[in-house]
Amino acid sequence: MRLLLISLLVALSTNAQADDSLYRAWGEKPGIRAVMDDFVARLPLHERIGRRFKMTDANHLASQLTEQLCELAGGPCKYEGPDMASAHEGMELTKADFNALVEVLQAAMQARGIAFGDQNRMLAKLAPMHREMLGR
Amino acid sequence: MHKTLNALMAGLSLATLCTGALAGNGKLLLTGGVSSIDGAAGGGLTPWALTGSYAAPGEWGGTAFVTAAKTRDYGLRVAGAALAWDERLEFSIARQRFDTRQNLAPLGLGGLQLEQDILGAKWRLAGDAVLDADRWMPQIALGALHRRARSGAFAPTLFGPLGARRSDTELYLAATKLWLQHSLLTNLTLRATRANQNGLLGFGGAQDRRWRLQPELSVALLLAPQLAVGVEVRAKPNALNRSVLGTGALAEDDWFDAFLAFAPNKQLSFTAAAVDLGRIAPALQPRRQRGAYLSVQLSF
């Protein structure tokens with residue numbers, strides 16, 4: 001019984017520490033930045049959504065995204081840019097546009113050698129954002 | 001049947017002209033599932049809550065498929081098509097042809113082909129199987145499959161003394177959830193049915209006309225964006241178990257398969273599977289019908 005209690009406490013305390021396994025799997029901040037640079041470079045070339053990114057400041061976008069994904073992955077970052085709802089205000093993104101973003105990201109992750117399981121762990125954190133991003 | 005198929009194709013072309021939004025490729029690879037043997041989008045043996053094709057909200061999309069399965073003693077061929085709109089509605093059509101080869105020769109029915117036509121409709125009620133990765137809520141759909149069996153020279157026996165019905169409409173409720181953080185997809189379908197061998201031997205029997213709620217379970221692991229591997233179990237009723245041919249003569253078993261689905265792009269997918277269709281007419285052919293299954297699907 002005491003052993004059970006101790007293991008429970010240990011489990012709780014390890015859970016309370018931020019899980020940064022995804023952050024490390026992505027190669028920490030330089031690894032995330034490399035994928036984001038690749039992602040942002042691919043965006044203007046996409047058939048469906050490319051035109052939306054013709055005027056984008058690639059360096060700024062890649063920095064913002066790196067901070068955001070770093071924080072989502074459990075890394076030591078704090079995203080301080082605009083929230084997803086206001087960042088996409090007036091864009092009227094559709095679900096098909098959102099899926100196109102996912103496809104471009106998948107291509108970038110693949111190109112940068114992120115393992116498929118780690119790709120999906122990150123996508124699982126990003127996918128729910130469609131609720132704030134779409135139709136605004 | 002060919003007329004219906006033509007009408008469907010004509011409708012499809014019309015939809016293209018009217019909306020200009022066909023050939024939707026607004027969905028992610030393989031998130032329209034593959035074509036089940038009944039025509040509805042799903043796994044191989046079971047319809048899922050996903051709507052077929054790559055049509056996103058506001059888009060039309062279509063699929064067409066051919067499937068062949070070969071077991072130790074029997075063969076099955078299926079061809080069909082589906083039309084989906086808005087990730088909300090799906091209409092499907094399929095024709096199955098089951099080759100009994102010489103297994104029924106003792107009844108004077110050597111070479112008998114059992115055929116079935118299936119019209120399907122599916123309506124997504126709630127949820128998003130793919131993007132709601134932070135919620136437990138699955139995508140849920142309600143579907144209907146209207147089936148008509150054409151049993152050739154076996155019809156007088158099947159629809160006479162055996163007491164099966166010639167046609168029937170099944171209802172099913174499907175729940176599909178992609179556990180994206182684990183690259184795992186699960187589906188549970190509950191089907192209200194009285195189909196014998198999926199309808200190839202009609203519906204119900206003289207001794208048993210009751211509807212039964214049968215569970216069907218699929219689990220698939222995504223290995224790469226283009227590749228999924230999985231297993232399926234499909235429970236079936238056993239209405240002809242007791243019949244004038246003797247108890248157990250037409251007993252049937254649940255179905256199983258283990259599949260590999262590969263989509264090199266959004267136009268094309270291949271599904272290969274090992275299937276176990278259990279016993280089929282065990283009085284004449286007692287062996288379990290294990291074999292191979294291959295399906296090719298085109299999306300547009």
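This is a predicted model: local features need pLDDT of at least 70, side-chain atom pairs count only at pLDDT 80 or more; totals for chains, interfaces and linings use all residues.
How many residues lie between strand 3 and strand 4 of chain B in the hairpin they form? Three residues separate the two strands.

**Chain B: overall form**

Chain B contains two helices and 14 strands. Its C-alpha atoms fill a box of roughly 55 × 40 × 30 Å along the principal axes. The radius of gyration is 19 Å, in agreement with the value near 19 Å that a compact globule of 300 residues would have. Of the 300 residues in chain B, 48% are buried. Among contacts in chain B with a separation of 6 or more, 61% link residues 24 or more positions apart.

Strand 4 of chain B covers residues 75-85. Eight of its 11 residues are buried, so the strand is largely enclosed by the rest of the structure.

Most residues other than glycine have a negative phi. Asn198(B) is not a glycine, yet its phi is positive, about 65 degrees. Asn198(B) sits in the loop between strand 9 (184-193) and strand 10 (212-224) of chain B. Is Asn198(B) buried or exposed? It has 24 other C-beta atoms within 10 Å, and 20 or more count as buried, so Asn198(B) is buried.

In chain A, Glu92(A) has a positive phi of about 50 degrees and is likewise not a glycine. Glu92(A) belongs to the loop between helix 5 (84-87) and helix 6 (95-111) of chain A. Its C-beta atom has 10 others within 10 Å; with 12 or fewer counting as exposed, Glu92(A) is therefore exposed.

**Chain A: helices**

Chain A has eight helices and zero strands. Along the sequence the pattern is α-α-α-α-α-α-α-α. Buried residues account for 31% of the 136 residues in chain A. For contacts in chain A with a separation of 6 or more, the share between residues 24 or more positions apart is 77%.

Helix 3 of chain A takes in residues 28-42. Its 15 residues should span 21 Å at 1.5 Å a residue, and the end C-alpha atoms are 22 Å apart, which agrees. The buried residues of helix 3 are Ile32(A), Val35(A), Met36(A), Phe39(A) and Val40(A). Viewed down the helix axis, they fall within an arc of 130 degrees, so they line one face of helix 3. An α-helix has 3.6 residues a turn, so residues three or four places apart point the same way. The cover over the buried residues of helix 3 includes helix 4 (58-72) and helix 6 of chain A.

**Where the chains meet**

Between the chains, 16 residues of chain B are in contact with 16 residues of chain A. On the chain B side, the residues divide into nine nonpolar, three polar and four charged.

Key. Residues are numbered from 1 along each chain as its sequence is written. Chains are lettered from A and ligands numbered from 1 in the order in which they are written. Helices (H or I, at least four residues) and strands (E, at least two) are DSSP runs, numbered from the N terminus. The radius of gyration is taken over C-alpha atoms; the globule rule is 2.2 Å times the number of residues to the power 0.38. Two residues are in contact if their C-beta atoms, placed from the backbone, lie within 7 Å. Ala, Val, Leu, Ile, Met, Phe, Trp, Tyr, Cys and Pro count as nonpolar, Asp, Glu, Lys and Arg as charged, and the others, Gly among them, as polar. The expected span of a helix is 1.5 Å times one less than its number of residues. The arc is that of the directions from the helix axis to the C-beta atoms. Two strands pair if DSSP finds at least two bridges between them.
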